[in-house]
Amino acid sequence: MYSAEVITPQHLTRKAVISIRQSTPHQALSHQESLRLQYALTERAQALGGAPEALEVVDTDVGQSAASAQHREGFNTLVGHVTLGQVGIILSYDVTRLSRNGSDWYPLVDLCSYKGGLIADVDGLYDPATANGRLLLGLQGTLSEWELHTMRARMTAGLLNKAARGDLALTLPTGLERDPLGRVHKDPNLEVQARIPLVFETFVPRRSASKVLAFFTANGLRLPRRDRFGEVVWQRPTIAAILAMRKHPAYAGTFPYGRTRPLRTGRAAGRAATTRLAMEQGRMRVPDKDPAYISWATFEQIQTMLRDNHAEYDRNKTRGIPRPGKALLHGLVYCGACGHKMVVQYKGGTEYLCNYLRQQYRVPVCQYVPADPVDARVVAAFFEALSPLALDVYTQAMATQRQQAAPLEAAYQQQLERLRYEAALCERQFRRVDPDTRLVAAELERRWEAALRELTTAEAVAAQRVQPTDTAAGLLAPEVRTAFLDIGRTLPDLWSTDMLSQPQRKALLRCLIDKVIVHRVPRDAVQTRIVWKGGATPTFAVPVTVGAVADLQGAVAMEQQILTLFAAGHTDDVITAQLTQQGYRSPQRSQVLSSTVRTIRRTHGLMQQRHPSHPRHVAGYLTVPQLARRLGVSPHWLYDRLANGRIQLEKDPTTGLYLFPDQPTTVEHLQQLQAGTCQQVCVRAPTAAIHTQEQGGTC
C-alpha cells in the first residue's frame with residue numbers, strides 16, 4: 001500500500017514512535033548491526049513526512065523477549081500513547097518485533113484502528129482500519145507467534161533427546177560430581193561417601209525425617225551440602241536438607257528429568273511459579289545411569305514411607321506416622337457407611353469421627369464410634385494372630401542395633417579426621433603468612449583457633465562415648481532373653497506395661513493390619529472388619545455403651561423377662577444373674593446391673609416389701625415434715641432450729657426420727673418461737689413436757 005494513499009495530515013500532526021527491541025541482553029551486545037538498522041528507522045520516519053521534533057524512540061525493551069508484554073515497559077508505554085490518541089504512526093524494523101503473543105498483538109491492532117494510527121516496517125505501511133491492513137497485520141502476528149514456537153521446539157528437541165539418554169548435564173546433588181568428560185562419579189571424599197548412606201540407613205527404621213534429625217543432632221553429626229560456588233561444606237542437619245536427600249532419585253543411580261513444571265496463577269502474579277511433581281509424574285527417568293548410594297527398591301520404600309507420613313492423611317488417604325495419641329487405630333479406621341477415612345476426636349472421650357461428608361457438603365456427621373472398645377477388640381485379635389508366629393524380635397533388634405552402630409562409629413572417626421585436617425591446614429596457612437601483614441595474620445590465626453576449638457569439642461565428645469560391651473550389645477539375663485524370644489506369648493503381658501510406648505504399639509499393629517472398617521448400625525454394637533496384610537477380612541460385633549435402656553437391641557425382651565421373673569417371686573439379684581447368663585446387659589456395662597432391674601420394675605409400679613426402719617406415721621407423734629405442714633413452714637426451718645439448739649429434742653432411738661408430741665401446746669409454743677416471743681423450746685421425751693423460755697430466760 002502506497003504511503004501517499006495512507007498517510008494523512010492528521011497522522012503527521014501526531015507522534016511517530018520508533019520501537020527498538022532485542023530478545024536477550026546477549027543479542028544486544030553481540031548483534032550491534034541489528035541495533036543500528038533499527039535506530040536508522042528515524043530516517044524512514046522523516047521520509048514519510050514526520051517532523052524531527054515529533055519523533056520518539058522507545059528502546060527500553062532492549063534485552064526483553066516479545067513472548068509476553070507483562071514485563072516490557074517500552075511496549076506498555078507505546079500502548080498508553082496509542083490509547084491517548086497521541087501516536088500517528090508506529091515504526092519497527094519488522095512488525096513481528098513488536099509482539100510475538102497474539103493476546104498482546106491483536107489489542108494493539110484494534111487500538112490503532114480505533115484511534116486512527118498506522119503501523120510500518122521496512123517492507124510496507126499498514127492501516128489497521130482497512131480490511132487489507134488488518135488481514136496483513138493479522139497474518140504477520142500469527143506467523144510471528146508460530147515462529148516463536150518453532151524456534152523453541154528446535155532448541156528443546158536436542159535437549160530432550162539428550163535427556164532421554166541420561167546425558168543432559170543437570171545440577172547434581174551433594175555426593176555426586178561430574179568430571180571434565182561429562183561422566184558422573186561419587187565424591188572422592190570418603191566421609192561424604194559414608195555420611196550420605198548413613199542418612200538413608202537411619203531413616204528406614206525410624207520412618208521419620210524429624211527422628212533422623214534428632215539422631216544426627218544428638219550424635220553431633222553434620223551433613224555435607226553445597227554452597228553457592230558448588231563446594232562441599234559441612235553444615236548442621238535440617239529437615240529440609242534431609243527431605244531433599246530422601247526425594248532425589250540420583251542417589252539411587254537414576255537420572256530424572258521433568259521433576260518440576262511451571263504453574264501460572266494469573267497475569268498479576270508475575271512469572272510462572274514452579275511446582276514439584278510426584279515421582280510417577282516426571283517426564284522421563286533413566287535407571288542405572290549414575291553411581292548409586294542406595295538401591296532403587298530402597299528408594300521406592302522410602303518414598304512410600306514419606307507419603308504415609310504426610311500430615312494431611314484425611315485428604316491424601318495415607319496412614320500417617322504413629323503418634324503418641326491414645327487412639328491405637330489412628331490412621332487405620334475407615335467408615336463402613338461412606339467409605340471415607342475417619343479422624344480421631346479426644347474431646348469428651350476418645351472417639352473415631354467420620355466428618356468427610358460434613359466438610360464437603362455440610363451434612364450431619366456420618367457416625368461417632370467410641371475408640372476404647374474397638375481398640376481393645378482389635379488388639380485382642382492382633383494377639384490371636386500373633387501368638388503362633390513365635391517371633392524372634394529381640395535377635396533382630398540387636399542385629400539391627402549392631403548394624404547401625406558400625407556406620408555411626410565410622411562417621412565419628414571420619415569427622416575427627418576431617419577436623420584434624422582442617423586444623424592442620426589452618427596451621428600451615430598461618431605459618432606461611434608474612435608476619436608484617438598483621439591483618440591477614442590475625443584472620444588466619446582466628447580461623448586456626450576456631451578449627452582447634454571445634455576439634456577439641458569433637459574429641460571430648462568422642463572420649464565420652466562408651467564402647468558397647470558384650471553385655472550391652474545383647475547378652476542379657478537368660479530369663480529376659482527367653483521372654484523376648486517368646487514374644488508371641490509375652491507381648492500381651494508387655495502391652496499394658498511402660499516398656500512399650502504408644503507409637504510403638506501403633507507400629508506393631510500396622511505390621512499386620514492394613515485397615516479397620518467400622519459401622520455402627522445398632523446403637524449398642526459396632527460392626528468391625530479387620531483387613532489383614534495377608535488379605536483375610538474377619539468381621540465381628542463390638543459392644544459399646546449407650547445412654548439408655550431403650551437403645552439396647554434386646555430392650556423389649558429384657559423388660560418382659562424382668563416382669564415375668566418378678567411375678568414369679570424372684571429378687572432383683574436373682575433376676576440380674578439370670579439375665580446376664582442369657583446375654584442381656586445394661587447400657588453402661590457388659591452385664592446386667594441390679595439398678596437396671598430396679599429401674600424397669602419401678603417404671604411399671606412394681607414395688608418390693610417396704611422396710612419399716614423409717615415409718616411414715618407414728619401414733620401420738622408428729623414427724624418434722626408433718627409438723628412443718630401444720631406450722632406452714634419448710635422442714636428446713638425446723639431442722640435448722642434443731643441444729644442450732646433453739647429447739648431441743650433428742651431423736652427417738654427406735655425410729656431414728658425427731659418425734660414431737662401431737663398436742664395443741666406443741667404447735668402453740670413453736671408458733672411463739674416463730675413469732676419471736678419465745679427464744680427456745682425444750683421438748684423432753686418420753687413425757688413430752690414442753691417448756692418455753694421468754695426473752696433473756698433459760699430453758
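## Basis and overall make-up

The model is predicted: local features need pLDDT of at least 70, side-chain atom pairs count only at pLDDT 80 or more, and totals for chains, interfaces and linings use all residues. Residues are numbered from 1 along each chain as its sequence is written, and side-chain values use heavy atoms, with hydrogens and water left out.

The protein chain holds 27 helices and 25 strands. Both are DSSP runs numbered from the N terminus: helices are H or I with at least four residues, strands are E with at least two. Of the 699 residues in the protein chain, 37% are buried. Buried means under 20% relative accessible area, exposed means over 50%, and partly exposed lies in between (1.4 Å probe, protein chains only).

The protein chain exposes about 39,700 Å². Carbon and sulfur atoms supply 54% of that area. Accessible areas come from the Shrake-Rupley method with a 1.4 Å probe; for residues, only the protein chains shown count as cover. Among contacts (heavy atoms within 4.5 Å) between residues at least 6 apart in sequence, 58% join residues at least 24 apart.

## The five-strand sheet

Five strands form an open sheet in the order E2-E1-E3-E4-E5. The pairing is mixed. Two strands pair if DSSP finds at least two bridges between them. E2 and strand E5 (125–126) are the edge strands, each pairing on one side only.

E1 and E2 run parallel and are joined by six bridges. Val17 stands opposite Glu56 in E2. Two helices pack on this sheet. Helix H4 (residues 32–39) touches E1 and E2, and its direction makes about 170 degrees with that of E1. Helix H6 (residues 73–83) touches E1, E2 and strand E3 (87–91). The direction of H6 makes about 145 degrees with that of E2. Axes are lines fitted to C-alpha atoms, for helices over the stretch in contact, and angles run from 0 to 180 degrees between N-to-C directions.

## The four-strand sheet

A four-strand open sheet has the order E14-E18-E19-E20, again with mixed pairing. Strand E14 (333–335) and strand E20 (539–543) stand at the edges. Each has a single partner strand, so one side of each lacks a neighbour in the sheet. From one strand to the next, the twist averages 30 degrees.

Strand E19 (residues 525–532) pairs with E20 in the antiparallel sense over five bridges. Arg529 stands opposite Thr539 in E20. Helix H21 (residues 502–512) lies across strand E18 (513–519) and E19. H21 runs at about 95 degrees to E18.

## Nonpolar cores

A nonpolar core is a set of buried Ala, Val, Leu, Ile, Met, Phe, Trp, Tyr and Cys residues joined through side-chain atoms within 4.5 Å. The largest has 32 residues. Ile196, Phe216, Leu221, Leu223 and Ile242 touch the most other members. Helices H9 (190–206), H10 (209–218), H11 (239–247), H12 (296–308) and H16 (393–432) each give two or more residues to this core. H9 gives the most, with six residues.

Beyond its neighbours within four places in sequence, Ile196 is in contact with Thr174, Gly175, Pro224, Met245, Tyr251 and Tyr293. A second, separate core has 31 residues, including Leu332, Val379, Val526 and Val542.

## Salt bridges

The structure holds 20 salt bridges. Each is a side-chain nitrogen of Lys or Arg within 4 Å of a carboxyl oxygen of Asp or Glu. Glu56 forms one with Lys15, with the closest N and O atoms 3.1 Å apart. Glu56 lies in strand E2 (residues 55–62) and Lys15 in strand E1 (residues 15–22), so the pair ties together parts 41 residues apart in sequence. Glu56 is partly exposed at 23% relative accessible area. Lys15 is partly exposed at 28%.

Arg446 and Glu443 meet at 2.5 Å, N to O. Both lie in helix H17 (residues 438–464), three residues apart, about one turn of the helix. Arg446 is partly exposed at 45% relative accessibility, and Glu443 is partly exposed at 29%. Arg641 and Asp640 form a salt bridge at 3.2 Å, N to O. Arg641 counts as buried at 18%, whereas Asp640 is partly exposed at 32%. Salt bridges that share partners join Glu191, Arg195, Arg418 and Glu422 into one network.
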